[in-house]
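Here is a quick tour of a protein chain, with an eye on its aromatic rings. Have the model open as you read.

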Amino acid sequence: MIFYKEERLAIFIDGANLYGAARSLGFDIDYRRLLDLFAKKGRLIRAFYYTTLIEDQEYSPIRPLIDWLDYNGYTMVTKPLREYTDSQGRRRVKGNVDIDLAIDALEMADRADHILLFSGDGDFKRLVEAIQRKGVRVTVVSTIKSSPPMVSDELRRQADNFVELMELAPHIQRMNAPNRTVVAPPAEGEDDAAEEPTQQAGAYARSA
């Protein structure tokens, strides 16, 4: 990783995407350790976390995680996750925070020297290009170690730096978490927005 002590850093985390990547590698993320790690790399000015919540749900299983992050240095951006039934009678969910992340990142690019994007979503390639045109470096954090890889080739090529999530694991994983079975990430087109870290949320609730 290439960092400079005086550069202003901003972190943007696509919650569902990062959770899917970590789960595919078999570990849970300790968000306090993650924040501490990058706070030592430069002048961390803001860390954003983006996620969806099921609309009209009285209690969300990830609410403890959201509340913990909100009180521990993260700027939370949430969006309703709407449930619907498709033409074949299957339950589906619809919700996307990509546009929110893109707008915030473009605005923050005027105040940052280096943006870290925790996502492998290829849709962010154009966002990375736009940020780079402002003279800001972009580091993408995701994984090519999963099967299939969680980061798109075009996004990885566009970024100034790519950081393999597995290499960060010793520095950001939850130390008291049980070992997870490595599972395949959702196939393209599946509703990965619903795959938020519910067990991890419970752990944060207990540690709050």
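## Surface and fold

Accessible areas here come from the Shrake-Rupley method with a 1.4 Å probe, and for residues only the protein chains shown count as cover. On that basis the chain exposes about 10,800 Å², with carbon and sulfur atoms supplying 45% of it. Of its 208 residues, 50% count as buried (under 20% relative accessible area, 1.4 Å probe, protein chains only).

This is a predicted model, where local features need pLDDT of at least 70, side-chain atom pairs count only at pLDDT 80 or more, and totals for chains, interfaces and linings use all residues. Residues are numbered from 1 along each chain as its sequence is written, and side-chain values use heavy atoms, leaving out hydrogens and water.

You'll find eight helices and seven strands, taken as DSSP runs (helices H or I, at least four residues; strands E, at least two) numbered from the N terminus.

## Aromatic pairs

Rings of Phe, Tyr and Trp (its six-membered ring) pair if their centres lie within 6.5 Å; planes under 30 degrees apart are stacked, over 60 edge-to-face, and the rest tilted. That rule gives seven aromatic pairs. F12 and Y50 are stacked, because their centres sit 6.4 Å apart with planes at 20 degrees. This pair links distant parts of the chain, from F12 in strand β1 (residues 8–14) to Y50 in strand β2 (residues 43–54), 38 residues apart. F12 and Y50 are both buried.

Y31 and Y49 have ring centres 5.6 Å apart and planes at 85 degrees, so they're edge-to-face. Y31 belongs to helix α2 (residues 31–39) and Y49 to strand β2, 18 residues apart. Both are buried.
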